[in-house]
Amino acid sequence: MKTPALLQKFFGKSATGITVKDSLLTGYARVGAQEVCVIGTCDGTYINNAAALRLAGHILDCIENRPKLPIVMLVDSAGQEPNRTAEMLGLASYFGHLLSCLQLARQNGHKLVTVATGKAIGGAFLCYGMFGDRIDALDSASLGLMPIEAMSAVTKIPAPVLEKLSRTMPSLEFGAKPFSLLGGVEEVWSKTDDYAAKLAQAIAAASPADNRAALGKKRGGRKLAL
Amino acid sequence: MSRASLFHEQTARQRIASLVDPGTFHEFLPPPERVMSPYLPLLDIPVSFDDGLVIGRACLGGKPVYLAAQVGQFVGGSIGEVHGAKLTGLIQSAARDAIPCVLVVESGGVRLHEGSSGEIAISEAMRAIFECRAKKVPTIAVIGSDIGAYGGMGILTTCCDFRIMTEHGRLGISGPIVIEKWMGKQAYDSSNRALVWKTSGGKTKYLIGDADMLAGDDAGSVASAIETLLGKSRPLTLAGLKSRHGDLDSRLKTFGKTSDPHELWSGLGIKDTPQASLASAKEFVALAKRKVK
């Protein structure tokens, strides 16, 4: 689905309040009657220093000017940009800054709600979306650490071996369902769901306590984390 | 263990033994308890009885601390389900008991063999770090090994109140080999150790302000750096984050077009790069004249 159409499904007409620039989303919109702050990525973009800084800047604006407004994080990013200059200038610190801004928002009473809409991979998911109070995903989203071919290249374990194991090991399988078995996603939405209604429910249900280890144990995907 | 040993050559247990007051370390879930990875045997990979992480409590300079040290020799100090759960549990205990938490980092990030489980575990550990920070319980990352802090572990250390590095430590997300594959050998030759360390090493990170302290490569120097930070914390405030935002913004504006680390060093006031490269930590700190916040 194209980004404008997707935003329309979440936010209706108020989607016009969201700026889409360089595959980054920042703005304010409405979910039903509830005003929300929105940050996100689209087009499976890579996140670099400037991108992390832009998202962090919007969170700071929200904390300062729109107290306690829920923050919606949409994730469609293939990862951090593997780039030497980015590393030299401290990409990790830019990500840490974004996380720190989100934490201050949490402490100041903003709810943090994530929906993984496309790719939600590695550091790009870790640096904001995974930090939500409540994390949901579309059933079509690709969640995971890295695709099996890449994992095979680094670990030198043949891809067919990993492929076979992934069928019984949700942590190696890519996708929204296996990620939810591990407790990393609360609820998986189907494409026939009413996204605006689902998002409103997610915001209402969001709680700042981290329940992922308990959820992973209950669902049987991650038994030893608790 | 003599305090004259090189910190970057020590093992995780040697590092702990040489950092803390003698005889005060009490390990949680030690190797005899056999808390191990459930995934590695399925891939025919040997397990480790501590899953590559030593955790426990001790005294440092007479003050209580919770400590974790990663075992770089075991799958690169990587974070799997058990390793991650031990780390998160330790940090949560620190928050609960209001005892400072010291992470002696040596990790390439998530253990690929355990996939998303390790990734979620790092995210949980980050939440625990911020729980400490909300309670003004100091969280201190020590990065003093060649493996350094990469991937999710690199990001995690930037969530802590403070980072102490030695010149041997490296801090980043994508490692040189991955970047070389992505950008080509011309852009990043991962076998060029000088370039790798100038990109991600402790001196560069201290210079740009991502490491708070640069310690010598011996447990004594690292221990005294930790001691100076034990009573301090950096609570998150809007003013503090706005100021940090400005710093990161101007760093990008000033150096965003530079790919040459020497330009970065000279731009940050290092006049004689070869001399500074060879300088000891103490000499380098004097040369850097960084305003410590």
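A note on the model: it is predicted, with local features needing pLDDT of at least 70 and side-chain atom pairs counting only at pLDDT 80 or more, while totals for chains, interfaces and linings use all residues. Residues are numbered from 1 along each chain as its sequence is written, and chains are lettered from A and ligands numbered from 1 in the order in which they are written.

Chain A to begin with. Chain A has ten helices and nine strands; helices (H or I, at least four residues) and strands (E, at least two) are DSSP runs, numbered from the N terminus. The radius of gyration of chain A is 17 Å, close to the 17 Å from the globule rule for 226 residues, so chain A is as compact as a globular protein of that length. That radius is taken over C-alpha atoms, and the rule is 2.2 Å times the number of residues to the power 0.38. The C-alpha trace of chain A spans about 50 × 40 × 35 Å along its principal axes. Of the 226 residues in chain A, 58% are buried. Buried means that 20 or more other C-beta atoms lie within 10 Å of the residue's own; 12 or fewer is exposed, in between is partly exposed, and the C-beta atoms are placed from the backbone.

Now chain B. Chain B has twelve helices and seven strands. A compact globule of 293 residues would have a radius of gyration near 19 Å, and chain B agrees, with 19 Å. Its C-alpha atoms fill a box of roughly 55 × 45 × 40 Å along the principal axes, and 54% of the 293 residues of chain B count as buried.

How many residues of chain B are in contact with chain A? There are 58, and they meet 54 residues of chain A. Contact means that the C-beta atoms of two residues, placed from the backbone, lie within 7 Å. Several helices of chain B each supply at least two residues of this side, including H2 (81-97), H3 (115-134) and H9 (238-255). H3(B) gives the most, with 13 residues. The side of chain B that touches chain A divides into 32 nonpolar, 15 polar and eleven charged residues. Here Ala, Val, Leu, Ile, Met, Phe, Trp, Tyr, Cys and Pro count as nonpolar, Asp, Glu, Lys and Arg as charged, and the others, Gly among them, as polar.

One residue of chain A belongs in this part. Arg84(A) is in helix H3 (residues 84-88) of chain A. Arg84(A) counts as buried because it has 24 C-beta neighbours inside 10 Å. Leaving aside neighbours within four places in sequence, Arg84(A) is in contact with Ile179(B), Met183(B), Ala187(B), Tyr188(B), Thr199(B) and Ser259(B).

Next, a helix pair. In chain A, helix H6 (residues 148-155) and helix H7 (residues 159-166) pack at an angle of about 125 degrees, with their axes 9 Å apart. Axes are lines fitted to C-alpha atoms, for helices over the stretch in contact, and angles run from 0 to 180 degrees between N-to-C directions. The contact is made by Ile148(A), Glu149(A), Met151(A) and Ser152(A) of H6(A) and Ala159(A), Leu162(A), Glu163(A) and Ser166(A) of H7(A).

Last, Tyr150(B). Where is Tyr150(B) placed? Tyr150(B) is in the loop between strand S5 (139-143) and H4 of chain B. With 28 C-beta neighbours inside 10 Å, Tyr150(B) counts as buried.
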